[in-house]
Amino acid sequence: MTLDLDAYFARIGWSGERRPTEDVLRSVHRAHLTGIPFENLDAVLGTAPSLDLADLEAKLVRSERGGYCYEQNTLLAAALRQLGFTVTPLAARVLLGAAPGDIRPRGHILLRVDVPDAPGPYLADVGFGAVGGLVEPIRLEDGAEVADTPRRHRLVRTAHHGPTPQWELRAERGGSWEPQYAFTPEPFEAPDFEMFNWYVATHPRSPFQQAVYAQRTLPDAHLALSGLDLVATAADGKVEVRRLTGPEGVEDVLAKEFGIRLPTGVRIPA
């Protein structure tokens, strides 16, 4: 199957020239991030979301839904390949929120994107689901920086015990660089992410089993829903937190603030 690019571009509000250029990569990446929300509702409702392209198109493109990293970046990879980019999936260990010395499993998908005639590859990622996530792709090279307004990111090489280079993505927060995740360059395949996806969605200790998480990146703000807490982060860093009142309040905020509507008859568990 191929992705319906007309429907995809309508969903993300993009209407540029369909060629594999650096400008197209940047603009499609930003449009996807701001056009399709991050959410984990399938896991909360007791199932692992399908990564089949037809199902991703039905859910993320043609319905008022979003998805988490495996869904978001699988969809973006399909669109970029059809535009003529070469896309290689990679896997990262999330560092954000980890205690010193913690070693988390590789559980996040990201994309290496090769652009014809560009001096080097890019790192693309529309599925991190955090205020420190990339808005635009960043060059995959040591010391690369991108001022992807309203955010700023840096990619650095870091020491580790493996035989291949390791990169760490950092986001600027309050004048300091906050690690987001670390990864190495070896490619991963679709069956690897099927396994990751099943584990993350169904393991009883997975945080995605415990509460609703949703993210939406806007031109001047970032919205994050975690359980009953709604956090709005403005472009200037100002943070406002609002406590919601039960599942009905969550469903109302998902619809009005995130553009996410559950299927008819489905309710978030209390």
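Trainee: What volume does the largest cavity have?

Mentor: This is a predicted model, and within it the structure holds two cavities of 30 Å³ or more. For the largest cavity, the computed volume is about 110 Å³.

Trainee: Which strand gives the most to the lining of the largest cavity?

Mentor: The largest cavity is lined by 17 residues, and those closest to its centre are Leu33, Phe38, Val126, Gly129 and Thr217. By class, this lining has eight nonpolar, seven polar and two charged residues. The element that gives the most to the lining, with three residues, is strand E10 (residues 213-218).

Trainee: Which helix gives the most to the lining of the second largest cavity?

Mentor: The second largest cavity holds about 30 Å³ of space, and among the residues that line it are Glu39, Asn40, Leu41, Asp42 and Ala43. Four nonpolar, one polar and four charged residues make up this lining by class. With three residues, the element that gives the most to it is helix H3 (residues 41-44).

Trainee: Which residues lie nearest the centre of the largest pocket?

Mentor: The largest pocket contains about 1,000 Å³ of space, and its lining has 17 nonpolar, 11 polar and five charged residues by class. Elements that each supply at least two residues of this lining include H5, strand E3 (106-114), helix H6 (190-202) and E10. Of the 33 residues that line the largest pocket, those nearest its centre are Val94, Leu96, Arg104, Pro207 and Phe208.

Trainee: Which strand gives the most to the lining of the second largest pocket?

Mentor: The second largest pocket has a volume of about 390 Å³, and of its 22 lining residues, Arg93, Ile103, His160, His161 and Gln166 lie nearest its centre. Strand E2 (86-94), strand E8 (166-173) and E9 each supply at least two residues of the lining. The one that gives the most, with four residues, is E2.

Trainee: Is the packing of H1 against H5 oblique or roughly perpendicular?

Mentor: Helix H1 (residues 5-12) and helix H5 (residues 69-83) pack with their axes 11 Å apart and at an angle of about 120°. Angles of 65 to 115 degrees count as roughly perpendicular and only those over 145 as roughly antiparallel, so H1 is, relative to H5, oblique.

Trainee: Is the crossing of H1 and H5 left-handed or right-handed?

Mentor: The contact is made by Leu5, Tyr8 and Phe9 of H1 together with Leu75, Leu76, Ala79, Gln82 and Leu83 of H5. By class, these are seven nonpolar, one polar and no charged residues. As for its hand, the crossing of H1 and H5 is left-handed.

How values were computed
Residues are numbered from 1 along each chain as its sequence is written. This is a predicted model: local features need pLDDT of at least 70, side-chain atom pairs count only at pLDDT 80 or more; totals for chains, interfaces and linings use all residues. Side-chain values use heavy atoms; hydrogens and water are left out. Axes are lines fitted to C-alpha atoms, for helices over the stretch in contact, and angles run from 0 to 180 degrees between N-to-C directions. Angles under 35 degrees count as roughly parallel, over 145 as roughly antiparallel, 65 to 115 as roughly perpendicular and the rest as oblique. A crossing is left-handed if the near helix is turned anticlockwise from the far one by less than a right angle, and right-handed if clockwise. Contact means heavy atoms within 4.5 Å. Ala, Val, Leu, Ile, Met, Phe, Trp, Tyr, Cys and Pro count as nonpolar, Asp, Glu, Lys and Arg as charged, and the others, Gly among them, as polar. On a 1 Å grid over the protein atoms alone, a cavity is a set of points where a 1.4 Å probe fits but cannot get out, and a pocket is an open set with protein on both sides within 12 Å along at least five of seven lines; lining residues have an atom within 4 Å of a point. Grid points are joined across faces, edges and corners, and a volume is the space filled by probe spheres set on the points.
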